[in-house]
Structure formats: structure tokens, C-alpha cells
Amino acid sequence: MKLFAVIMVLIAGTMWAGTGLAAQDFFRKSSLDAMDLTVFRMFSAGIIMFLVSLMKGQWKAGVRAVKRKPLLFLELVFYGIVGLMLMHYTYFASIAAGNAAAATVIQYTCPAMVILWVSLKNRKIPARGELLAVVLAIAGVFLLVTGGDIHRISVPAACVYLALASALFFAVCAVYPKHLMTVMDNSFILAIGMFTGAISAWLIDPVTDYSGFFKRSVLFDSFWIVICGTVVAFTCYNAGLHYLSEAQASVTATVEPAVSVIASFFLFDVRFDSLQALGILLVILAIDLVIEGGKALAAQAKAKKAA
């Protein structure tokens, strides 16, 4: 595994860390709902990724790949709707029902789901390092958000259910597009995925007035959610996923809640106690386990080639 891949996923997690806070602020200041924000986010990101794909010269190549194998288009539609759109909507809805911190900590049961799925698919027990990384990441996130006191956060039932659903759809995003990256560029995959997801969301909730997203009070929130939290984050995550296993990428992305807590400390003077600091350390240790595991796999692969 290359350090570049880990850095890409860490950047994605950092961008997503701000998205939850931006969405919470957006809902506090706006009358628009979670599906409205999903439509706007995905249409905007789809347009940008389409332009990126054109500039990279990958759009025509992607279209040719789909023409050669039409089933690829259905796979992209599945990724766009079941992965991207439902993940976006359930995450935003969970924030609207509760708060960004609670939604994020519950959503980060995703790595456990990914490792369970990969284990069932490959019919083998996960590596000890992967299991330990998941345990450390989940424990770290729990300590970060609760400070060790499970009663510290009062979470509405709707927030819990929606965040767990978001974790499931996030797992789809972590696993499903990997095979598509072998036949088409990341920018093309995201452009089609964002467009198909946006269209399906719009059919459920037709948004006709987009002026609410450009009001001065929520303009920065809209910018962060679309540019940083979608275009940059998913581009970096999929770039890292190209070189990492699904489990490694999803565990590494658990940097998100750690960044949220640290950012809150510096930006909003939110203090965290010793148990929350321990939580940050556990998340960092989980990421380090992923990096070291990747180095070990790379060394084994080189040794086999040399033999």
C-alpha cells in the first residue's frame, strides 16, 4: 500500500468532518430539508465531476467502456442510487433529526460492516490487524463523542436509525466502486453516480427553487458541502480506494470524527477531556495499524515476486 493512498483517504475524512457541521448549520438557518440538500449537492457535484472528466480526457473513454459493456451503466446507476444518494440523504436526515456529532459516531459503524462483508464474500476470517483496527476506531469514536459516558449524548431514535442506514449505504460506497475503477476513470464514475443519484432524488422531491442554497447566511455551508465535502472528498476517497482494500480505506476514514473534535476545539473553543483525548489517540492508532498492515502486505508481495 502506498502512503499516498492513506493520505488521500485522510483528506477525504477531513473534508467529510466539516460537512456534518456545515449541514447542521445549514438546517439551523434554512427551511430546506435533507432531500432538498441531497438533490442540490449531487447535481452540483455531478456537473463539476463531468467537467473534470472532460478536462482529463476521460469522458469519451468512459462512454466507450459503457458502450462495449452496457451492464456497466446499470452498475453505475446502482452505485449512484443505492450508494451515493441514499448515503447522502440518510446522513443529512440523521443530522436534521439529531446532530452532526451523534450522526457521525453512529455512521462510523461502517468499517465493521465492510470487514464483515469482505469476510463473507471471501469466506475467510478477517486479519487480526483489521479486526483490532475496527475495534480501536469504534472505541475511539465512542470516547470522542461521549467522553466515556453513554448518557452524555441524548440521541433521538430517528437519528439512530437514519445514521445506521447511512453507515450501511456508506459501506456500499466503500466496497462497490472498486471493480469499476479497473475499467474507467474515477471522475467518470463519480460524474455518472452523482447525476443518477441526483435524478432519483429529484424524482422523489422535485426541487424547483435553488435560491435558498445561495443566501448569504448559508453560502459557505453550501460551498463546503458541495466542493469540499463531495467533489474533493469522494475524489480523494476513491483515489485511495484504488490502492487500498475496502476495509483499510473505511477504517482510515474514521479520522473524520477526530478531526471534527479537534476543529471544534480550535474554531469554537470546545474543550475535550482526557477520555476524549484518548479517543483521538485510538483513532490514530487504528489508522497506523492500517498503514503498517499495508506495508506488511507490500513486503509479502515483493518477497513472492522475488521468489
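Where is Asp185 found? Please describe this residue and then the helix H9.

Modeller: The model is predicted, and Asp185 lies in the loop between H8 and H9. When its neighbours within four places in sequence are left aside, Asp185 is in contact with Lys56 and Gln58.

Let us turn to the helix H9, which covers residues 186-204. Its axis and that of helix H10 (residues 219-241) come within 10 Å and cross at roughly 130 degrees. That angle makes H9 oblique to H10, and the crossing of the two is right-handed. On the H9 side, the residues that meet H10 are Asn186, Leu190 and Met194. Their partners in H10 are Thr230, Phe234, Thr235, Asn238 and Ala239. By class, this contact has four nonpolar and four polar residues, with no charged ones.

Next comes the nonpolar core. The largest one has 52 residues, of which Trp16, Leu76 and Met184 touch the most other members. Among the elements that give two or more residues to this core are helix H1 (3-29), helix H4 (71-97), helix H8 (157-175), H9 and H10. H9 gives the most, with eight residues. There is also a second, separate core of 17 residues, which includes Ala23, Leu32, Ala103 and Ile225.

Methods. Residues are numbered from 1 along each chain as its sequence is written. This is a predicted model: local features need pLDDT of at least 70, side-chain atom pairs count only at pLDDT 80 or more; totals for chains, interfaces and linings use all residues. Side-chain values use heavy atoms; hydrogens and water are left out. Axes are lines fitted to C-alpha atoms, for helices over the stretch in contact, and angles run from 0 to 180 degrees between N-to-C directions. Helices (H or I, at least four residues) and strands (E, at least two) are DSSP runs, numbered from the N terminus. Angles under 35 degrees count as roughly parallel, over 145 as roughly antiparallel, 65 to 115 as roughly perpendicular and the rest as oblique. A crossing is left-handed if the near helix is turned anticlockwise from the far one by less than a right angle, and right-handed if clockwise. Contact means heavy atoms within 4.5 Å. Ala, Val, Leu, Ile, Met, Phe, Trp, Tyr, Cys and Pro count as nonpolar, Asp, Glu, Lys and Arg as charged, and the others, Gly among them, as polar. A nonpolar core is a set of buried Ala, Val, Leu, Ile, Met, Phe, Trp, Tyr and Cys residues joined through side-chain atoms within 4.5 Å. Buried means under 20% relative accessible area, exposed over 50%, partly exposed in between (1.4 Å probe, protein chains only).
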